[in-house]
Amino acid sequence: MTDFYHIVEEMNPNRLNMALTVLEGEALGQKALASDGSLVWESVQGGFFSEHREEIAALTDNCLKEFEGTRVFCELLGSEKKLVICGGGHVSIPVIQMGRMTGFHVTVLEDRPKFADNARRAGANEVICESFEEGLKRIEGDLETYFVIVTRGHRYDQACLESIAKKQHAYIGMIGSKKRVAVVKESVLEHGANPDVIAKVYTPIGLRIGAETPEEIAVAIMAEIIEVKNKCRRSGGYPKEILKGILNEETEKEPKILATIVAKKGAAPRGTGTKMLVLPDGTCIGTIGGGCVEAEILRQALVMIREGERRPRLCNVDLTGRFAEEDGMVCGGIIDVLLEIV
């Protein structure tokens, strides 16, 4: 089954990629991968999913579907979220920190060594200290890349926007006054930028919350990015740290349990597709919400490991009862969690 996770790791993020898992019946646990509506891999050749190619071709979003009466969890796969910040000034620093805090891989482009060092100290995963034009040549861009342009002047804004507008992206935001922004947009259009792309640039950047300080502006920027990200509904999939835990060669032969929320009703703390990897010693990578939910899933996962259980298990956790309330989980939802041996 490790083939599945290797293929997930290598799938092109600019395509519509789906992971499919049977949740009941004789085919319980069978998995498949589809890309742009076409079946590209299945755990059982000629199995359950080969008989349902038409249904697979119609999938576009996270959902529970019934294929001839059998429930299947259909998950739109996102990849690692990348935040690329052009500029390392005062606004950039809290954006870096909040980007890391919210799970983005943060890259900063800054041509001044002193400011590049500030970005490193703020926690950026990567800092490219060279001209913006050269630095952006090293950024490929994809549908999971969020670009933030917060340079020190409009000529730098223009250089960044001209380059970024040619790349795949999830978001482009640019700081600046209306006059400065208008000048930059007009200039890049004169240089042949796609008008449709330029029209969709978020500017002035950030949600309108009356932000004044660098920290408040960073909150507005990250709030807007999170809003865009969550509307795209590409937040499912297999986080990098979970794939690393599954494919770790040193522990490859150790049984691990992957817990995935496959359905929820009400105000459960985490959404469908959220994952947690449970190791034999009880260590967890990721979280499915904490509290009594996580404790119960961890308990069942460790039982599966101890008993050598190979068949997946679908667990129902009810957060509406008195037990959940006493444990501090007053969300009032119900979730189904799939436990799979990996």
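This report walks through a predicted model of one protein chain, from its overall build to single residues.

**The whole chain**

The chain contains twelve helices and 15 strands. Its radius of gyration is 22 Å, close to the 20 Å that the globule rule gives for 342 residues, so the chain is as compact as a globular protein of that length. Along its principal axes, the C-alpha trace spans about 65 × 45 × 40 Å.

How much of the chain is buried? Of the 342 residues, 49% are buried. The accessible surface of the chain is about 16700 Å². Carbon and sulfur atoms account for 48% of that surface.

Contacts also tell us about the fold. Take the contacts between residues at least 6 apart in sequence: 57% of these join residues at least 24 apart.

The chain carries 42 positive and 51 negative charges.

**Salt bridges**

Side chains of opposite charge can pair when their charged atoms come close. In this chain the count comes to 15 salt bridges. Three of them are set out here.

| Positive residue | Negative residue | N to O distance |
| Arginine 71 | Glutamate 24 | 3.6 Å |
| Lysine 31 | Glutamate 340 | 2.9 Å |
| Arginine 112 | Glutamate 110 | 2.8 Å |

Start with arginine 71 and glutamate 24, whose side chains meet in a salt bridge. This pair links distant parts of the chain, 47 residues apart. Arginine 71 sits in strand β5 (residues 70-76), while glutamate 24 is in the loop between β1 (17-22) and β2 (31-35). Arginine 71 has 24% relative accessibility, so it counts as partly exposed. Glutamate 24 is partly exposed too, with a relative accessible area of 27%.

Next come lysine 31 and glutamate 340, another salt bridge. Lysine 31 lies in strand β2 and glutamate 340 in strand β15 (residues 334-341), so the pair ties together parts that are 309 residues apart in sequence. Are these two residues buried or exposed? Both lysine 31 and glutamate 340 are buried.

Arginine 112 is partly exposed, with a relative accessible area of 24%. Glutamate 110 is buried, at 0%, because buried means under 20% relative accessible area.

**Histidine 52 and glutamate 68**

Histidine 52 lies in the loop between β3 (38-42) and α2 (53-57). Its relative accessibility is 2%, so histidine 52 counts as buried. Leaving aside residues up to four places away in sequence, histidine 52 touches Phe67 and Glu68.

Glutamate 68 belongs to the loop between β4 and β5. Is glutamate 68 buried or exposed? Glutamate 68 is exposed, with a relative accessible area of 70%. Its backbone deserves a look as well. Glutamate 68 has a positive phi of about 50°, although it is not a glycine.

**Other backbone features**

Aspartate 36 is another non-glycine residue with a positive phi, near 50°. Aspartate 36 is in the loop between β2 and β3.

Where is there a cis peptide bond? The bond from threonine 203 to proline 204 is cis, with omega near -10°. Proline 204 lies in the loop between α8 (195-199) and α9.

Alanine 58 is in the loop between α2 and β4 (63-67). It is exposed, with a relative accessible area of 58%. Serine 38 is 20 residues away from alanine 58 along the chain, and their C-alpha atoms are separated by 9.7 Å.

Valine 219 is part of helix α9 (residues 214-232). It is partly exposed, with a relative accessible area of 39%. How far is valine 219 from valine 95 in space? The C-alpha to C-alpha distance is 7.5 Å, though the two valines are 124 residues apart in sequence. Valine 219 also touches Met98 and Ile209, not counting residues up to four places away in sequence.

Notes
Residues numbered from 1 in each chain as written. Predicted model: local features only at pLDDT ≥ 70, side-chain atom pairs only at ≥ 80, totals over all residues. Heavy atoms only, no water. Helix = DSSP H or I, 4+ residues; strand = E, 2+ residues; numbered from the N terminus. Rg over C-alpha atoms; globule rule 2.2 N^0.38 Å. Buried < 20%, exposed > 50% of the residue type's maximum accessible area, 1.4 Å probe, protein only. Contact = heavy atoms within 4.5 Å. Areas by Shrake-Rupley, 256 points an atom, 1.4 Å probe, with all protein chains shown as cover. Lys, Arg positive; Asp, Glu negative; His and termini not counted. Charge placed at Lys NZ, Arg CZ, Asp CG, Glu CD. Salt bridge = Lys/Arg side-chain N within 4 Å of Asp/Glu carboxyl O.
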